[in-house]
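Dear colleague,

I am handing over the structure below, and I would be grateful if you could look through it alongside the notes that follow.

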There are 6 protein chains.
Amino acid sequence: MSKIEQFHSYREKMNQKILSCGHLGMTRFFNLDAAAYREGALPVKTLELLGLVASTVLRCNECITYHLIKCKDAGVTREEFYDALNVAVIVGGSITIPHIRHAFEILGELLPE
Amino acid sequence: MSKIEQFHSYREKMNQKILSCGHLGMTRFFNLDAAAYREGALPVKTLELLGLVASTVLRCNECITYHLIKCKDAGVTREEFYDALNVAVIVGGSITIPHIRHAFEILGELLPE
Amino acid sequence: MSKIEQFHSYREKMNQKILSCGHLGMTRFFNLDAAAYREGALPVKTLELLGLVASTVLRCNECITYHLIKCKDAGVTREEFYDALNVAVIVGGSITIPHIRHAFEILGELLPE
Amino acid sequence: MSKIEQFHSYREKMNQKILSCGHLGMTRFFNLDAAAYREGALPVKTLELLGLVASTVLRCNECITYHLIKCKDAGVTREEFYDALNVAVIVGGSITIPHIRHAFEILGELLPE
Amino acid sequence: MSKIEQFHSYREKMNQKILSCGHLGMTRFFNLDAAAYREGALPVKTLELLGLVASTVLRCNECITYHLIKCKDAGVTREEFYDALNVAVIVGGSITIPHIRHAFEILGELLPE
Amino acid sequence: MSKIEQFHSYREKMNQKILSCGHLGMTRFFNLDAAAYREGALPVKTLELLGLVASTVLRCNECITYHLIKCKDAGVTREEFYDALNVAVIVGGSITIPHIRHAFEILGELLPE
């Protein structure tokens, strides 16, 4: 199973458990989270790039994987990914480099050469 | 003096001191930082929005002020600012709210109604 | 004006602006935020202490001020405050000490001797 | 071996090495850390919930596992866990969601249905 | 009153309050904190530089001021300060730049030209 | 394969991909990162210790592994490592303890008894 498939399968299973636990606050937060990336004044592509860079400077590999996939679905190109990850590494410094490595590994699956 | 003017004047004065201290590593990092927001595969407007959201989730008011100004110069509209700050508050949680307040205060100067 | 009054007045004014900006995502997040501290399986006092310690380890003075006030309203005593802040300083380390100083300054207003 | 057993066995082995290295500062910090969760003005249950929420907003899975176990030992119920994790996700935002997934996985072992 | 004098006076006053509150955990942590910078296998100068860089990447101006003063007392030179702050800005990224500005302002008081 | 060998092999492979992606900003940042640890006013040993403590308080295991290896190459002794890690745990608090465990595991490979 690829890294992306593993991510999807674990995420799906655990989100199911969280959403079925019956806590209204958490369910509503999950809905708000999904809504934040729907087209508004900004297009989905920009919103997802914002999610990707936020996830990278906050150094969360699972969130990076998620937004890389969503970005690709929204049409982000290879060169655009590099520009966005470059902003992340400049803002967040060398401590983000291990997460840039992770991003490049996922990009290797998403955009095979 | 407005908050934005205070920010500019302090930033200008101190950056001068840093850049004239003669440390090559720091000078080069400042150059790389500036270069990260120049048009490449992504337009300046998107790059500055990435800088704004990264600064908000990392909770730095000076960086927020800087990127709000740069975003406005790049043509970001009021509604686009709200969408971007909304992504930041969803990713970063209620701990970012004081910085959203700061952003709205600066926006009050930048985009008077 | 005391530190607590300044905090209230700025917070009130800026929250007003955020909530009247018309962005549904942000309004809903503010509602969820308020709801998280309403009595559920855990009493308000415990929920507010959780908010206080989370704010302290994440090092946000405005959030600390807010939850100190709410904790006091919920009946947290001086000795209970010290126990909670001690957990924060042990989890978060000496980098939280300036925020412990801030908390003691606010406690000086809230619980005068 | 379950996730909880793996956690215990690795933690036990490595803490042993740290505590036997002979550095007085570290030994004393480990003692202070343990003492912070002993009953004082606040009961153990509240102290452990504070540790759990602090660990979640700071996004450390090992610390989350540890405090989930301690909370359960102190009598925290399923619904109380959900309320505490909800505070964490509201304060810390969507970047904490992968850690909420981790918490639900551990809760699945601790509180089987 | 200079920035450094303001810092000393506020810090002194509030530490007094914290240490006289009677919470054993906090008193002991303050002692451990002081002990961490006393000469051991590493000299005071190196320990204080470690404290300075840790404070800068964690972005706490009060902690930066404190360790700049202690570093100067331990004989750190202007060029050594620049090398240490450069490590901080590379590890922590552009989000640390406002704290580098703060450090240079304090250095202007500590090491007048 | 040991933990250190795994680290080297993954790091080598992914850095290759990043550096060959053709993004000038990232290449230059990698160069600046390497340059920050070359002897200047401070010796390599001190610079690497600064990198180690910064990595520990920012809680990045891969960065910790990297700087432990570099520190050892620069002649850092067992007792000096303990002093530096003690500063990290005091500044960063108990949330860094899982990373201190990781550091001791790597030290077990680097400095076998």
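Which rotation, and what shift along its axis, superposes chain A on chain B? The rotation is 180° and the shift 0.0 Å, with an RMSD of 0.0 Å, where copies are superposed by least squares on the C-alpha atoms of residues with pLDDT of at least 70 in both. That is the relation of a two-fold axis.

Please keep in mind that this is a predicted model, in which local features need pLDDT of at least 70 and side-chain atom pairs count only at pLDDT 80 or more, while totals for chains, interfaces and linings use all residues. Residues are numbered from 1 along each chain as its sequence is written, chains are lettered from A in the order in which they are written, and side-chain values use heavy atoms, with hydrogens and water left out.

Because 100% of the interface residues of chain A are also interface residues in chain B, these copies meet through the same surface.

Turning to chain D, D:Ile4 lies in helix α1 (residues 3-19), helices being DSSP runs of H or I with at least four residues, numbered from the N terminus. D:Ile4 is buried, at a relative accessible area of 11% (buried means under 20%, with a 1.4 Å probe and protein chains only). Leaving aside neighbours within four places in sequence, D:Ile4 is in contact (heavy atoms within 4.5 Å) with D:Ile69, D:Ile106, D:Glu109 and D:Leu110.

Conventions
Helices (H or I, at least four residues) and strands (E, at least two) are DSSP runs, numbered from the N terminus. Buried means under 20% relative accessible area, exposed over 50%, partly exposed in between (1.4 Å probe, protein chains only).
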